[in-house]
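Dear colleague,

Please find the structure below, with the sequence alongside. My notes on what was found in it follow.

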Amino acid sequence: MRRLLFIGESGGWTPATWPDYPAEYGLRREHAAELIGLACDATFDGEDGGEIWAPVHAWRALGLLKVEEATAPLLALLSRSAEDDDVISEELPTVFGMIGAPAIPHLAGYLSGQSISQWAAIAALGGLKEIATRCPEQRGECIGIVVRMLTRHADADPLVNGFAIWNLIDLEAVEAIYAIREVFRRGVVDLSVVGDEEDVEIALGLRNKRATPMPSYHTAPLDRLTGLDIAVPPWAGKIGRNDPCPCGSGKKYKKCCLR
C-alpha cells in the first residue's frame, strides 16, 4: 500500500495505460478498506509532491479489483470535489464502470438526490454509460435509470440533461427517443452539448437531415455531430470538454462556453 504514495503522476490517463495495480503492487481485495481510505483522503489535496497522486492510484486499483463497497465512498468524493477536480470527474466514471453491475443501485440512488452538483451528476451518468458499455447485459437497466432521471425532474439542470442525452447517444439508445423529445419539449436541454432535437435524431439514425433551419446554439454541438447534416464552425469537433475554450478566456471549455 505504501508504494502507492511514491508512484507519482501516471504516464497515461486512459485505462489502457494504467498500471496493473494488483499485479505490479500486490494489491488484493483484502486491501480494500485501506485503498478506500487513501482514495478519499482529503489531506492529499494540498500536497505538492508525488503523494498528491496517491488517491488516483488508489481509486484505479479499486476499480481493477471491482470493489463494490468503494462505490458509496467514491460518490461522496465526487460530491465533494467534482466541481474543482477534473481528474476525479474524468476518472471515477471509468472506475464505476469497472466495478460494474454492483455499482448500479448506488449510482441510481445518487442521481435521484436533489442536492448534487452539475459535474457530480454528469460524472455519475458517465458511470452508468461505462457500466452499460462494459456489461452489455446491464445496458437496459442503465438506460432505464437515465430515462427516469430525464422524465422525473421537470426543473432538472439543462446541462445535466444535455450530458444525459449525450450518453444515450453513445449507447445508441433509440428506445429513449420519446423521453428525449419530452425534455426538448420542456425546453430543459442545453443545446451546446448535443444540439437540438433534430440533431439528436440524426445522431441516433432516426433522420437523415434537418427539416427545419438550424437554431442559434450558445456554442456549436460537440464532436459527435461533426460530419452530420448540420452547420458547425471550423473548430467544432476538435474541442474536448477539458480543452481550452475557443473563446480565449483561458478556462476549460466545460467550465466556460459549454456551460
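I begin with a loop residue: E172 is placed in the loop between α9 and α10 (177-186), where helices (H or I, at least four residues) and strands (E, at least two) are DSSP runs, numbered from the N terminus. The model is a predicted one, in which local features need pLDDT of at least 70, side-chain atom pairs count only at pLDDT 80 or more, and totals for chains, interfaces and linings use all residues. Residues are numbered from 1 along each chain as its sequence is written, and side-chain values use heavy atoms, with hydrogens and water left out.

Phi of E172 is near 55°, a positive value in a residue other than glycine. E172 counts as exposed because its relative accessibility is 60%; buried means under 20% relative accessible area, exposed over 50%, and partly exposed in between (1.4 Å probe, protein chains only). K66 also has a phi near 55°, again positive in a residue other than glycine, and K66 is found in the loop between α3 (54-64) and α4. As background, most residues other than glycine have a negative phi.

Overall fold

The chain has 12 helices and zero strands. Of its 259 residues, 51% are buried. Among contacts (heavy atoms within 4.5 Å) with a separation of 6 or more, 64% are between residues 24 or more positions apart.

Helix α6 and its surroundings

Which residues of α6 are buried? In this helix (residues 104-111) they are I104, L107, Y110 and L111. Seen down the axis of α6, these buried residues fall within an arc of 130°, so they line one face of the helix; the arc is that of the directions from the helix axis to the C-beta atoms. An α-helix has 3.6 residues a turn, so residues three or four places apart point the same way. The cover over the buried residues of α6 includes α4 (71-81), α5 (86-99), α7 (118-134) and α8 (139-152).

The axes of α4 and α6 come within 10 Å and cross at roughly 30°. Here axes are lines fitted to C-alpha atoms, for helices over the stretch in contact, and angles run from 0 to 180 degrees between N-to-C directions. On the α4 side T71, A72, L75, L78 and S79 take part, meeting H106, L107 and Y110 of α6.

Aromatic pairs

Rings of Phe, Tyr and Trp (its six-membered ring) pair if their centres lie within 6.5 Å; planes under 30 degrees apart count as stacked, over 60 as edge-to-face and the rest as tilted. By this rule there are three aromatic pairs. The ring centres of W119 and F163 are 5.6 Å apart and their planes lie at 65°, so this pair is edge-to-face. The pair links distant parts of the chain, with W119 in helix α7 and F163 in helix α9 (residues 158-170), 44 residues apart. Both W119 and F163 are buried. Ring pairs join W119, F163 and W166 into a cluster.

A buried glutamate

E198 lies in helix α12 (residues 197-203). With a relative accessible area of 11%, E198 is buried. Leaving aside residues up to four places away in sequence, E198 touches R207, R210, A211 and T212.

With kind regards
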